[in-house]
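The report below describes local features of one structure, and it is meant to be read with the coordinates open.

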Amino acid sequence: MSPSAQRWRLGGRVQGVGFRPFVYRLAQSLQLSGWVRNDSGAVEIHAEGPVERLEMFGAALLERAPSAADARLLEVSRVPIESAHDFRIAASAQGRSQQLVVPLERCPCADCLAEMADPLARRHRYPFINCTQCGPRYTILRSLPYDRSSTTLADFPLCVDCAREYVDPADRRFHAQPLACAECGPTVSWEDGKTCARGDSALAAAARALRRGDIVAVRGIGGYHLLCDATNEAAVLRLRLRKNRPAKPFAILVPTRGVDGLDYVRQLGGVSQLEADALRDESRPIVLVTLLADAPLAPALAPGLREIGVMLPYSPLHELLAADFGAALVATSGNVSGEPVLTEVNEARQALAAAADGFLHHDRPIARAAEDPLVRVVAAAARPLRLGRGTAPLELTVSRPFDVPTLAIGAHSKGTVALGWDRRVIVSPHLGDYGTPRGRALLEATVDQLQGLYRVRAERVVHDAHPRFTSTRWALQCGLPAIPVWHHHAHASAVFAECALDEPVLSFTWDGVGLGPDGSLWGGEALLGAPGSWRRMASFRPFRQPGGERAAREPWRSALALCWETGTHWSEGARRGGALLRQASESGLHAPRTTAVGRLFDAAAALVGLVAVTSYEAEAAMRLEALCTTAQAPIMLPLARDDDGLWRTDWGPLVALLTDEHRPLGVRAGQFHASLARALLDQALVIREETGVERVALSGGVFQNRFLTESVLELLVARGFRVALPRLLPQNDAAISFGQLIEGNALRGAPCATPT
Ligand SMILES: [Zn+2]
Ligand SMILES: [Zn+2]
């Protein structure tokens, strides 16, 4: 029978996972000729041979593909014979670049770990070992398509042995772009002002320093970390002092141990199956785990909290370091007080000089910064609190195409930027706060980089409607037509689009504060509708924010405001000069009105005496949640329409509960959570009665609270509501850029009105 030829186009994450070598080997095994090449984010395959073998080939392409590729068939067609003699991996096609897909970092695979541990192997203890199945991707990428010449490994010419592996179809490093060895690849180096070392002695020096209780800056995949012994209280306190980080919890890096790698983690905390799966995910995120009471860790790691962020080693370097050290290490971003993570050797040397006793550098350039992703298991799924290394850029498909390529730049804190074109959206890794010069610079660089990487030029920008945000000012100056979007509309639209909803939804948007269309600070709103048409249906009784933005850091101010409204005497408030503040507030000075549930949490934490002044965002809510160990009965909060017909929940009865010192702290905290959950249900019930809406969505940072969210879900589901909760994007302001794109695209020519 005469041979015929077929051509396939496959999409998915088919680049950077060894897909072309897989196709090559498959074709060889079936004795087919032809070629495979990367083409604009897809893989194109041409194969020639007898029809039955072509059919086997076509079936195996999808069935036996590397699982990470998530391959899907885009197109298959009969084509004319090219009479090829063999099967080869052809050069990447240039062209329809807007379909490019960015490959993401993956932790070391089992084969590489085994090789690294083998004293006879060429890469024994080599900290940059990788293969087609694992290693760095996005952070080493200078441009697409993903070939060695477009990564930062282009600076490292392959030695003879590596070059042989690269071209050998039988080798698992066949076309592994970041492949390297001690002979030709990057190296680690140690410096501490007194000594310098390279290679394995650098690693040994770092481990010795950590054992002494020193603080060590380690250059990782997406930037620097500061490491210290997590069992050494003095070391942890020293790190807190040097980083100017009095209480914010530190995450830890733990050695891989036991059959599933989690034996060490299990000495520290209870790990559910979902948490175990999340810990072992190939992006190696930080996962929040509930600590055992007698966990052998420094108490200063997470004061006042019961959970701690735990991460398994995400690179061979960290694998070696954690194993050599043999116990938990603090692993916190190598940056100065909340600024973006440092990536460059010289920058880190200077900026971290006062914080670190020693540096473990390496010489593989970092093309793009990426911080550790963070996840928490809430309501039976691992949900991200932060996107980062291995999980971003996050790609989503949306139902409504963009008419022009559009950029959205997020709000103010937990910044991410998003780029949308056709029906694709790309969300950047976590960029941090835009308020500092470095934060703003990172925002600008990421905007450029994302557009460059995907070769898409934005023709429109969407920003938060808050006029004073750094991001707003940047958007208005960038030269593109700008669409402002209300903060909570963006939250609601983000969940709507991520969950692919197609009918009006009642979206509870509970967070800290964001500017609302009525000029007050929203944050406890129930919005009905769909992107482009949100209608506020319910909210909370408003209260003042004495001192304006200072209230975010000083929960006692929100507490005092609740006391004023309810005529409650609160001695702590009086001690802090409440009377003077009240005079100023009543004359309208720096005391905007808010309905933010995030501020109710602040007030509650202050009223129970837990925290009057916070040192990190969400401290009050996190510590209040940590007190909730058992379910408590709610207090029923009055719900009534105001003069404008808006349903408002009165938080008033909570003040007496919270200040009742005869009740144990845990009971008060539990009842506070239960009452808010019940208030949400009551709002949903009256609005369903009125409108028939059956579908509820939860958005906003408040729903990162597991105790609250699971209580809310239980109540809603019991009453027959269907509930949408995001699981790709965080609930917090990291989702704002995505929501802005959706909302902006729905509004298009008809942007929201500016505040009066
Ligand atoms: Zn590998
Ligand atoms: Zn080599």
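Predicted model: local features only at pLDDT ≥ 70, side-chain atom pairs only at ≥ 80, totals over all residues.

Residues are numbered from 1 along each chain as its sequence is written, chains are lettered from A and ligands numbered from 1 in the order in which they are written, and side-chain values use heavy atoms, with hydrogens and water left out.

**Helix pairs**

Two packed helices are described by the angle between their axes and the distance between the axes. Here axes are lines fitted to C-alpha atoms, for helices over the stretch in contact, with angles running from 0 to 180 degrees between N-to-C directions; helices (H or I, at least four residues) and strands (E, at least two) are DSSP runs numbered from the N terminus.

Helix H1 (residues 19–29) and helix H2 (residues 51–63) have axes that come within 11 Å and cross at roughly 150°. H1 and H2 are therefore roughly antiparallel to each other, given that angles under 35 degrees count as roughly parallel, over 145 as roughly antiparallel, 65 to 115 as roughly perpendicular and the rest as oblique. The crossing of H1 and H2 is right-handed, a term used if the near helix is turned clockwise from the far one by less than a right angle. Phe19, Phe22, Val23, Leu26 and Ala27 of H1 make the contact with Phe57, Ala60 and Leu61 of H2, where contact means heavy atoms within 4.5 Å. By class, this contact of H1 with H2 has eight nonpolar, no polar and no charged residues; Ala, Val, Leu, Ile, Met, Phe, Trp, Tyr, Cys and Pro count as nonpolar, Asp, Glu, Lys and Arg as charged, and the others, Gly among them, as polar.

Helix H11 (residues 437–454) and helix H12 (residues 470–477) pack with their axes 11 Å apart, at an angle of about 45°. That angle makes H11 oblique to H12, and the crossing of H11 and H12 is right-handed. On the H11 side, Arg440, Leu443, Glu444 and Val447 meet Thr470, Trp474 and Gln477 in H12, so that by class the contact of H11 with H12 has three nonpolar, two polar and two charged residues.

**An enclosed helix**

Helix H18 (residues 619–626) is largely enclosed by the rest of the structure, because six of its eight residues are buried, where buried means under 20% relative accessible area, exposed over 50% and partly exposed in between (1.4 Å probe, protein chains only). The buried residues of H18 are Glu619, Ala620, Arg623, Leu624, Glu625 and Ala626, and they pack against strand E16 (374–378), helix H14 (555–566), helix H17 (597–607), helix H20 (665–691) and helix H21 (706–718).

**Buried loop residues**

Asparagine 705, in the loop between strand E31 (695–699) and H21, is buried at a relative accessible area of 5%. Leaving aside neighbours within four places in sequence, the contacts of asparagine 705 include Glu625 and Ala621. Its side chain makes a polar contact of 3.0 Å with the side chain of histidine 673; such a contact is a pair of N or O atoms within 3.5 Å, of which, within protein, one must be able to donate a hydrogen and the other to accept it, and residues adjacent in sequence count only if both atoms are side-chain atoms.

Tyrosine 146, in the loop between helix H3 (110–117) and helix H4 (160–167), is buried at 2% relative accessibility. The side chains of tyrosine 146 and arginine 137 are joined by a polar contact of 3.4 Å. Although 108 residues separate tyrosine 146 from asparagine 38 in sequence, their C-alpha atoms are 8.6 Å apart.

**Backbone features**

Most residues other than glycine have a negative phi, and most peptide bonds are trans. The table lists departures from this.

| Site | Feature | Value |
|---|---|---|
| Leucine 144 to proline 145 | cis peptide bond | omega about 0° |
| Alanine 392 to proline 393 | cis peptide bond | omega near 5° |
| Asparagine 244 | positive phi | about 55° |
| Alanine 500 | positive phi | near 50° |

Proline 145 is placed in the loop between H3 and H4. Asparagine 244 is exposed, with a relative accessible area of 60%, and alanine 500 counts as exposed at 61%.
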